[in-house]
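I opened my notebook to keep track of what I looked up.

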Amino acid sequence: MLKSIIKKTMPASGIRLIQKLGFYKHYKPAPGTVSMGDLNRLTPLSTEFGYDRGGPVDRYYIENFLSQESAAIKGRVLEIGDNEYTLLFGGAKVQQSDILHVDATNKKATFIGDLSNAPQVPDNTFDAIVLTQTLHLIYDVKGALATCYRVLKPGGVLLLTVPGITPIDHGEWNKTWYWAFTDKGMRALMAEMFPDGNTVVESHGNVLAATAFLYGMGLPEVSKEKLDHNDPFFQVIVTVRAQKKA
C-alpha cells in the first residue's frame, strides 16, 4: 500500500533516489521514463571484452569455478592454448603440465592439432583437462568432447566452461566463432559424450552481468554482490565438471 502511494504521488526522480538508497529495490520505471545514461549508445564501451577496462566480466565466473574445482587439477594436466590456469589453480599438485594448441608457432605446446581430431594425443593419459572458453571455436563440438573423454584417465576430470550471452571476438577468433551454449544444451551433450560419467552442469550470470559484458564494461566496474546473483534466464557462462568413470 505504501509503495502504491509513493508511485502515485512522488516524481520519478524522487523514486529513483530512494531506490538508490536501497528502500525501493524492485522499482520499475514507467514506459518512456527509463534513463539509459552512459549505455544509450550503439557501440560498446570496449571491443576487447573489457580487457582494456580492468578485465572481462565473464572471467569472474570462470575463475570462481576453477577455484572451487581446483582439487581436481592435479597429476598430469592438459590445457588448451596455454597452461595459465593449470599452474594458477593446480600449483604443486600438478606433476606434468601439457598444452594442446592448434598453431605450431606456439613453442610451449606439447601437442599441436585440433581438439576435435587429435589422434596424436594418447588415450587414458590425463588426470585432468582444463578447457575454458574454447569449445565455441570448434565446429565439431562432439568430436572435441570425444577426444577429451578418450584422453582422460579413468576417473579423470574435465573442467569445461563455455559462453552463453556474449559479444563475438573482433580479432583473430572471429572467423571460427561458431557457437554459444545453454545449460540445457550442455547437459544433453555431456549425457551423450560422457554417458557413464558423473557430470555437473551449472549456469552463471544475470541480466546486469550480461548487459555489462555485452557493453564491454570491466570487472572492477561491477560489484561482486551483483555478479553473485544468479538468474538462469540470463546465462553468461556455463560450467561443466565431468568425470570419466573409474
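Entry 1, the chain. I noted at the start that this is a predicted model. I counted eight helices and seven strands in the protein chain. I looked up burial next: 44% of the 246 residues count as buried. For the surface, I found that the chain exposes about 13,500 Å², with carbon and sulfur atoms supplying 56% of it. Among contacts with a separation of 6 or more, I found that 68% join residues 24 or more positions apart.

Which residues of H6 are buried? In this helix, residues 183–193, I listed Asp 183, Met 186, Leu 189, Met 190 and Met 193. Looking down the axis of H6, I saw that these buried residues fall within an arc of 125°, so they line one face of the helix. I recalled the general rule: an α-helix has 3.6 residues a turn, so residues three or four places apart point the same way. On the face of H6 turned away from the buried side, I found the exposed residues Lys 184 and Ala 191. I then checked what covers the buried residues of H6; the cover includes helix H5 (141–151) and the strands E5 (152–163), E6 (198–204) and E7 (237–243).

I located Thr 134 in the loop between strand E4 (126–132) and H5. Is Thr 134 buried or exposed? Its relative accessible area is 14%, and the cut-off for buried is under 20%, so I put Thr 134 down as buried. I noted that its side chain reaches the backbone oxygen of Thr 132 at 2.9 Å. Leaving aside neighbours within four places in sequence, I found Thr 134 in contact with Ile 80 and Thr 161.

Notes: Residues are numbered from 1 along each chain as its sequence is written. This is a predicted model: local features need pLDDT of at least 70, side-chain atom pairs count only at pLDDT 80 or more; totals for chains, interfaces and linings use all residues. Side-chain values use heavy atoms; hydrogens and water are left out. Buried means under 20% relative accessible area, exposed over 50%, partly exposed in between (1.4 Å probe, protein chains only). Helices (H or I, at least four residues) and strands (E, at least two) are DSSP runs, numbered from the N terminus. The arc is that of the directions from the helix axis to the C-beta atoms. Contact means heavy atoms within 4.5 Å. Accessible areas come from the Shrake-Rupley method with a 1.4 Å probe; for residues, only the protein chains shown count as cover. A polar contact is a pair of N or O atoms within 3.5 Å; within protein, one must be able to donate a hydrogen and the other to accept it, and residues adjacent in sequence count only if both atoms are side-chain atoms.
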